[in-house]
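Colleague: Hi! Could you walk me through this one?

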Amino acid sequence: MNPFRVALAVARKDLRSEWRTREVVPALAQFIILALLIGNFGFQVDSRNAASIAPGILWLALVFAGLVAFGRTFAAEREQASLEAMLMTPASPVAIFAGKAVAASLLLIACEAVMLPALSLFFGTPFSADVVAAVLIATVGMAALGCLFAAMVARVRARELLLPLLTLPLWIPFIIAGGQAVQSAMGLPGSYSEAISLLIDFDILFLVLTSLAARFVLDE
Amino acid sequence: MLIAGAAIFFYAPTDYLQGPVQRIFYLHVSSAIAAFGCFAVVLVGGVIYLRNESPAADRFARSGALVGVVFTTVTLVMGMLWAKTVWGAFWVWDARLTSTLVLWIIYAGYLLVRRLADPGRQAARFAAVVGIFGFIDVPVVHFSVTWWTTQHPGPVIINDALPPQMLATFLFTMACTVVLAAVMIAIRYRIETLVDEREQVFEPAKVLVAREPEPVQ
Amino acid sequence: MSMLVADGLTHRFGSERALDNVDLVLDTGEHMAVLGDNGAGKTTLLRILATALRPTSGRLTIAGLDAFGERRRLRHYLGYVAHAPGLYPALSARENLEFFCDLQDVDRTRVDEALATVGLTSVSHRRAGELSRGMQQRLAIGRAILHDPRLLILDEPDASLGADAADLLAGLMHDRTTVLATHDHALANRLCPRTLVLRHGRSLGTATHLRVVR
């Protein structure tokens, strides 16, 4: 059984479900806009410091939206006992995991498509391909890690508490490098290319680790 | 350990720049090294557990994590005391302090996962995964923060040069601390073994399992 | 040849014993019912037999293979209908089945056959979330037979089915080894010559042609 086909089928199924119910993306997009609003008042943003504060707000909003998006990917499955049904087939758990992680990333990316222009709009920061690239590259690694731990805590008590506790320490390198990348792209000091290559390194490292760990987390 | 304590206070000369408070350094760094040793035990225990489900490996991992968190807490507290006295601030966002804090958070998470997951196989498996990711994450975080500071240069803070008497004291203290950690792990391992035994061995109630057909009322 | 041999299956959730030292042997083509009150351990036992759950101790052999070492291979043999349907509410009945065909590398033509077998052809386009509980149950059953399994494990499949439950199940079970958990003693008697009774996780024994008097 070809794992790529399995992953594709799972991703398609998740995306199709989301398309029909439209539960996650609108709620997340709203959340992100609100986060930007809070950022504005919480930080006393004005035209002078907007560029230095905006990256921070971006990553804060992204981190919290990510926790919700990835948490939901597996919590919803659980409620429907459907994850077990999938695991009862001969399909490889890693492929199933990959499919779900890809679908969840795409949903988060859809929200980022709202967030980045909004950030630009509200804070007057440049909206460039560099910023978009940094966010996209970071999303890949963050999604793999977020989904792995979401799968783990879905079967554990107190999951809303445990998911951030486990995931955030692993997201810190992405936030550091990604934060730097976005800052550089917005004109602050620091090397953009170094930041991006770090992000790519982290992506590779954690994608490999996550795919190795997935079968221990999903399978009984 | 008592000998180490005596050595710290009477044998090592007072550091020229920092004064008596510098003596905390011996225990602070030794604690940190002991903690890393403990987490290495967690890593190895976790990997072995995932490969062949050995309960002993899991017990080592559990013990290592608990003792490691204790030592990390000690490291952090001492670090903060030192920082306050020497620099005037409890905390600085440099690579070492940040990674130690992240380390603490990760293994606190490890212990929580153990507590909240289904005890037995599930808890052991999940914790092993957390332990492995955690162990890899700490150097990555350390590296990231170091890299960050190269992007944003600031004052260099920690001076590591050591005269011979201090070095000797330090190595001795470190050796004692590591031994202490090993002993604590061994004790904890014994406790965990007893806990495991208590939970797994029930006296099965005497039940007659009928094998012939019989009408059930 | 024994299709299924279970030896000393025990499962604990924390300090609570859900299943205590249960043995059972099933020959090919046999149908066995599992009876017991709520909380007796039926679902736990069935999940273990379906290899969805690993017991704390005990051994399970299916078709001569170690059930937990060869889980992936055995999935081709096994069809499991769990307590909860585990369907995707936003997808139609047909789409649900097609998805599981893809996961199992089974030809999609099986979907029409399965729908017909469980009597859902007329509602195949409706979203699974909109179907009645009984229809969802049927769909879950249909999913379990997509890959034509030799061994069926059914956890209270009759719970929401109507009066024709017995006929539907009899047809499904026809040439398949089956383990069926149910509360309905009459159904158990009608469909399954052998019965295993569980109480508080322990097996009270298996019997043939059980006359259950309540």
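Predicted model: local features only at pLDDT ≥ 70, side-chain atom pairs only at ≥ 80, totals over all residues.

Colleague: How many helices and strands does chain C have?

Modeller: Chain C has seven helices and 10 strands. Its radius of gyration is 17 Å, close to the 17 Å that the globule rule gives for 214 residues, so chain C is as compact as a globular protein of that length.

Colleague: And what box do its C-alpha atoms fill?

Modeller: Roughly 45 × 40 × 35 Å, taken along the principal axes. Of the 214 residues in chain C, 52% count as buried.

Colleague: New topic: how many residues of chain A are in contact with chain C?

Modeller: On chain A there are 20, and they are in contact with 20 residues of chain C. Helix α1(A) gives the largest share of chain A's side, eight residues. By class, that side of chain A divides into nine nonpolar, five polar and six charged residues.

Colleague: At what angle does α1(A) pack with α3(C)?

Modeller: Helix α1 (residues 3-21) of chain A and helix α3 (residues 93-104) of chain C pack at about 160°, and their axes are 8 Å apart. Angles over 145 degrees count as roughly antiparallel, so that is what α1(A) is to α3(C). The crossing is left-handed.

Colleague: Which residues meet there?

Modeller: From α1(A) come A:R5, A:V6, A:A9 and A:K13, and they meet C:F99, C:D102 and C:L103 in α3(C). This contact has four nonpolar, no polar and three charged residues.

How values were computed
Residues numbered from 1 in each chain as written. Chains lettered and ligands numbered in written order. Axes fitted to C-alpha atoms, helices over the stretch in contact; angles between N-to-C directions. Helix = DSSP H or I, 4+ residues; strand = E, 2+ residues; numbered from the N terminus. Parallel < 35°, antiparallel > 145°, perpendicular 65-115°, else oblique. Left-handed = near helix turned anticlockwise from the far one by under 90°. Contact = placed C-beta atoms within 7 Å. Nonpolar A, V, L, I, M, F, W, Y, C, P; charged D, E, K, R; others polar. Rg over C-alpha atoms; globule rule 2.2 N^0.38 Å. Buried ≥ 20, exposed ≤ 12 C-beta atoms within 10 Å, placed from the backbone.
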